[in-house]
Each structure stands twice: as C-alpha cells, then as structure tokens.
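Hello,

Here is the structure we talked about passing on. My notes follow below it.

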Amino acid sequence: QVQLVESGGGLVQAGGSLRLSCTASGPTFRTYNLGWFRRAPGQEREFVAAMARSGAITNHADSVKGRFTISRDNAKNTVYLQMNSLQPEDTAVYYCAASSQGFPTIPIRRPDLYNYWGQGTQVTVSS
C-alpha cells in the first residue's frame, strides 16, 4: 500500500509560481509511474503531467506545457510539480497519483490506470 501526501498549495497572484510536492510512503517509489491531475470547481478531473518510472520521459497537458514541469527525486520518495506563470484558470485542487501499471518508459495520462491518490492540495490564482 502506498500513501501519498501533497503539499505546497496556496494562494498566488497571476504570473506567480508555486511548487507542489508529493511524498510517498514505502520502499518501492522508484517502481511507480507518477502523475499530477487537477479538478476545478464544477469540472471534471483533468490530466496535468506524468512521468514514467524510468524518470527520463515526461508528458504535460497542452494547457500547461512550457509553464509546468513534473520531476521526481527517488531518494526522497517525492514527485514535484513546478508551476510557473500561473493563471486564474489554473485554480483547482491538485492531486498526485502513483501507478504500478504500464511501461517504464511511457507516462500515463489516464486517471483510471492509477492505483493510489493523494488527498489533494488547493491552488488558487488571483487575477
């Protein structure tokens, strides 16, 4: 069983930056594909970014490409989401997820392929 705990959310002005962290329990962190998703009020859960367990290949949603970057530190059992140039439309609850499925070199965009989810952290961007 893997437990994920997010941190780093908060209130920021448009154009600002935040870095989200998600720390996992357990010794097998490096064997998981990792992802970030978000859900804005009244909207469906949306893919944000994913990283294959190889650590070398990432995939970002078009809406955040060039502004957000996913990364991982296996020594710290942590996955990060660096968010720059934040806009009001980025306001949402952000969730990290871990998957024991899939291939080591293919990031996973589908939320149904993730086994474990964090509790979420709120990001609010003011205009």
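**Strand pairing and aromatic contacts**

Strand 9 and strand 11 (residues 121-126) pair in the antiparallel sense over three bridges. Pairing requires that DSSP finds at least two bridges between two strands. Strands (E, at least two residues) are DSSP runs, numbered from the N terminus. Val93 stands opposite Gln122 in strand 11.

This is a predicted model: local features need pLDDT of at least 70, side-chain atom pairs count only at pLDDT 80 or more, and totals for chains, interfaces and linings use all residues. Residues are numbered from 1 along each chain as its sequence is written, and side-chain values use heavy atoms, with hydrogens and water left out.

Strand 9 has other partners. Seven bridges join it to strand 4, antiparallel. Gly35 has Ala97 of strand 9 as its bridge partner. Two bridges join strand 9 to strand 10, also antiparallel. There, Ala98 is partnered by Tyr116. Six of the eight residues of strand 9 (residues 92-99) are buried, so the rest of the structure largely encloses it. Buried means under 20% relative accessible area, exposed over 50%, partly exposed in between (1.4 Å probe, protein chains only).

Now the rings. The whole structure holds five aromatic pairs (Phe, Tyr or Trp ring centres within 6.5 Å, using the six-membered ring of Trp; planes under 30 degrees apart are stacked, over 60 edge-to-face, the rest tilted). Phe37 and Trp117 form a tilted pair, 5.1 Å centre to centre, with 55 degrees between the planes. Phe37 lies in strand 4 (residues 33-39) and Trp117 in strand 10 (residues 116-117), so the pair ties together parts 80 residues apart in sequence. Phe37 is buried at 0% relative accessibility. Trp117 is partly exposed at 28%.

Best wishes

Terms used
Helices (H or I, at least four residues) and strands (E, at least two) are DSSP runs, numbered from the N terminus.
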